[in-house]
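Please open the model in a viewer and keep the sequence at hand.

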Amino acid sequence: MSREGQKLDYAAAGGNGAGGVGIGVLSLDLLGQVLDRLREPRDRKACRLVSRAFERAEATHRRALRVLRREPLPRLLRAFPSLERLDLSACASLDDASLSAAIAAAGAGGLAGLRRVCLARASGVGWRGLEALVAACPRLEAVDLSHCVGAGDREVAALAAAAGLRELRLDKCLAVTDMGLAKVVVGCPRLEKLSVKWCREISDIGIDLLAKKCPELRSLNISYLKVGNGSLRSISTLEKLEELAMVGCSCIDDEGLELLSKGTDSLQSVDVSRCDHVTYQGLASLIDGRKFLQKLHAADCLHEIGQRFVSKLATLKETLTALKLDGLEVSDSLLQAIGEGCNKLVEIGLSKCSGVTDEGISSLVARCSDLRTIDLTCCNLITNNALDSIADNCKMLECLRLESCSLINEKGLERIANCCPNLKEIDLTDCGVNDAALQHLAKCSELRTLKLGLCSSISDKGIAFISSNCGNLVELDLYRCNSITDDGLAALVNGCKKIKLLNLCYCNKITDSGLGHLGSLEELTNLELRCLVRITGIGISSIATGCKSLIELDLKRCYSVDDAGLGALARNAFNLRQLTISYCQVTGLGLCHLLSSLRCLQDIKMVHLSWVSIEGFEIALRAACGRLKKLKMLNGLKTVLSPELLQMLHACGCRIRWVDKPLVYKDC
Amino acid sequence: MDRGQNHIHGQSAANLCYQFGSDNPLLGMGIQQPFVPFTSPFGASSSTNIPHMDWNPATMLDNLTFIEDKIRQVKDVIRTMVDNGGQLPCRQGDLTQQQQVVNADLTCLIVQLISTAGSLLPSLKNSSFLSHPPAGHMDTVNHVGSSSSFIPNVTTISEENKEDMCSPEDYEELFKGFTDGAMEGGIEIDNVFVEEQDAKDGDEGGDASMDGENLPPGSYELLQLEKDEILAPHTHFCSICGKGFKRDANLRMHMRGHGDEYKSPAALAKPPRDASAEHELVKRYSCPFVGCKRNKLHKNFQPLKTILCVKNHYKRSHCEKSYTCSRCHTKKFSVMADLKTHEKHCGRDKWLCSCGTSFSRKDKLFAHVALFQGHTPALPADEPKNSSDQISRVGSHQEPAKFPSSMSSSFMWGTSSSDDRGLDIKGLAGCSEDILSTGNFGSFNFSFGPADGFTGEPSGSTFSVLPPEHFQSAQKKGKN
């Protein structure tokens, strides 16, 4: 709990204890203002629990709500009448019936203020639930339906009744066709943001209608659609369009970009990554027409770059801030031209570009002093010299990705750490750096993300350096850093208490006592412990009891984890949503206990659970049937599990991935 | 189609009338009278005169008398129509039947008139005649013709030819084609079709503005055919037996049967275009319907390009749509070809708009949706699946939820089917609102059902057994 939370907590408790004097005398409005200033949800909860005044204030004041289980949903919707944002993306076993029931329970006007609803991955919700939702929320402005893979035209048509809709995300709603899109664009003419990424059934006809019916559109994502140049002609008529993403549209070519270049100057960001048929010529003509481009992402689509493109790029000198050219063969002269042409660059992506050298980098950064993000993943020719020139020129650097740049070492990183105090993210995966490098990096106290995968020379000492100064660290990747022991983890949790994502896969020296240290990381949400052969149920239980926020846990190939570990998870890890227990030594009983207890669990991978009988699987899956969204199991089970069960799972929106892998025990 | 080759004469029409008249004993006058001129003027003539048109005053005179006769008959028929119309206002069925008979009779007479008048024409190129007569007066035909020597030969008409000429199909076509024209000629009718014609004009190949052609008035020769000429089924007639043909090539093929002289390559070849024709002005056509945009009196007059355009335009815009689609029984056409085109696609329209209009192609539907405010595509198989699904899922919870859902679905069907092919936009907007409101109503009630069922539910963590309808829907999905 944060310090401000603690203080309030104390005041509230003291106030109530002293008989009504204290926080209770303040007006609800004031208390609401106080609550608004609390950043951590945990603190707000503490206040709510300890003082009725705060509880009342929150009830009237609360604007956003994220619900993790369906059972309390009706009560919560009643309790918070002034909600504006509702996130149901993680709400387990939410279906039409429960959603409609909750909305009905909220009563007329109960959801009148609701503006944004997130239903991402809520695959159990169909058109009936959406219809009820839209009918109850007259002011609905934004809906996120992404990754509801079953959602089709009917669901989208239900949303079309929300005439005030401004934002809509339909990513990977695989069954949505032109008809559904047409419903939406006719029903919601004020749409400003729309993403139909991966809706593969949508064609040029649908996009054309979209362009005609939604003139207010500012942001559009048509990535991975099978649309052609005709769509770009329609899109070019959108006068307010600022952002256009068309990743992986292989039917679009230079002609389409030429069409797109005709239009107003509103367009600021274009993403043509992975458009196989786009060349630099098309991009040049696009730049020619759209003179105010700020972001240009052309990752993995260009094979060569001609002089025409470079000269056109220079015309964007004043505006261009982000440029991504991943996978391109570049030369020093090109990098120099970019550096000279676009001094306002804030972000540059040269991931997997061959031919990036120290000279190229130094001529690039020489004029681009605003650079904050530099992606040099797999540019394996660069050495410390490149880092030196980056450090000398880019004082504002926040993000540096150097994965697989194995020629760099602690000397280059020292310069970076000394000159770039704002560094927030650095990726050193497979760079072979050592403890000394970490000692230098520890100077960057703002560091949030640190990736050290495959740097096997890093030891507990290095971790201790990081822990000593990087208290804000949120993500730490120690994949296959197999010199790290329990002591390293002890040092880590000592300093970095805000870690949310931790990867310890294949650090096979770690034992239960190390996990005992991790138990003090209250904010940990994602933990990967793959192939930690020494950990047992004891370690798991200390994590389960300590890490209350745990959402994702990977225990694949933790051969010593047994029913006791699962039992501990079942009793304590109530927020757990994703779990991998492949190869664990669990039995049917443990699995049943786990699956019937964890009410947020939605995604479970359980391959090669040799001790679980068919009945064990059957009963366990029946217990969790309504909640599971994703399952990974051995292919052999497909035929022996009862068909009713599989149909039931399917009906609840669960996707099962059947794998056919031989049982191989690896001792890593 | 060249007007100059219309070797029309009274023979064919008289013959036609004979057969026709015998079928309709109700109107006697059409039956006997044709025989009078039939035998006297034509019987005397010889077949040697046929190829050339020597000016024969006797024949001319005979023909003119014949025409006078006919005109009198036409007047009589029209008079009876007027009388009938006054006498039988109440019995609709009888009236229409009678009208049809009268129409048929009129048709006969007018065909005879035209063909006889045509035989009076002085030359093969008689286009000048077409451009002169004022609209709506059959009598003008009389004044034009000055010489003709087409002497029909009654004896050459074989039994077979008669059969051929007046086959039931021909009759039907003729009858249908003439009905409206005759009606308009006989009875004053309001310009019911005028509104439609502008929209339809785009369909016609001869639309001058569509082709980008913008001939200044006077730069072309303007012709106006009369409605009867337009509606005549045949434009080429055999000068020997009088059989009518739609194409002159068919006529040439037919002529081979009349003797070896017609079998020569020269006779069978397509007649060469007149050298003089090239120096002539371009021909354009005017629709005889006064008030039509294609009529020369219209202030925004747009001429029609060819005679075929005239025919199609006149039928589409000013004639009753007498061909009904045998599949949907709703779509009607006045041009046979249009019906044929429609029947090719009828019943295969799977792209539905909320207004009830259906389209055979998705892009057509989307263009329609883009054009009209508030129209949205209707999801295929929306309604029936809707109701059954909802009932099966909700049914177990409680009864009330069932009722509105099925109500709403049936109501939606009702409105969409009763819609008259969706031309009235206002009505449609109302209809879509209905759909919306009932849909909401249904879902609102439906949401109460589970509300009761779920609040009391323990936790869901125990081994919950799904209700059977989940299996059903799962099976459905599995099948898909």
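Across all chains, this predicted model holds 38 salt bridges. For one of them, select A:Asp87 and A:Arg66, whose closest N and O atoms are 2.8 Å apart. This pair links distant parts of the chain: A:Asp87 belongs to strand β2 (residues 85–87) of chain A and A:Arg66 to strand β1 (residues 64–66) of chain A, 21 residues apart.

Next, turn to the aromatic rings, which form five pairs over all chains. Select A:Tyr479 and A:Tyr506: the ring centres are 5.6 Å apart and the planes stand at 85 degrees, so this pair is edge-to-face.

Now display the surface of chain A and select A:Arg121, A:Lys172, A:Arg480, A:Lys630, A:Arg655, A:Arg657, A:Lys661 and A:Lys666, which form a positive patch. One of these residues, A:Arg657, lies in strand β24 (residues 655–659) of chain A.

Finally, move to chain B, where three strands make up an open antiparallel sheet in the order β8-β7-β9. Both β8 (358–359) and β9 (377–378) of chain B are edge strands with a single partner strand each, so one side of each has no neighbour in the sheet. Strand β7 (residues 351–353) of chain B is joined to β9(B) by two bridges. To locate one bridge, select B:Cys353, whose partner in β9(B) is B:Pro377.

Technical notes
Residues are numbered from 1 along each chain as its sequence is written. Chains are lettered from A and ligands numbered from 1 in the order in which they are written. This is a predicted model: local features need pLDDT of at least 70, side-chain atom pairs count only at pLDDT 80 or more; totals for chains, interfaces and linings use all residues. Side-chain values use heavy atoms; hydrogens and water are left out. Patches are made of residues with over 30% relative accessible area and no salt bridge: like charges are joined within 9 Å, nonpolar side chains (Val, Leu, Ile, Met, Phe, Trp, Tyr) within 5 Å. Accessible areas come from the Shrake-Rupley method with a 1.4 Å probe; for residues, only the protein chains shown count as cover. A salt bridge is a side-chain nitrogen of Lys or Arg within 4 Å of a carboxyl oxygen of Asp or Glu. Lys and Arg count as positive and Asp and Glu as negative; His and the chain ends are not counted. The place of a charge is taken as NZ of Lys, CZ of Arg, CG of Asp or CD of Glu. Helices (H or I, at least four residues) and strands (E, at least two) are DSSP runs, numbered from the N terminus. Two strands pair if DSSP finds at least two bridges between them. Rings of Phe, Tyr and Trp (its six-membered ring) pair if their centres lie within 6.5 Å; planes under 30 degrees apart count as stacked, over 60 as edge-to-face and the rest as tilted.
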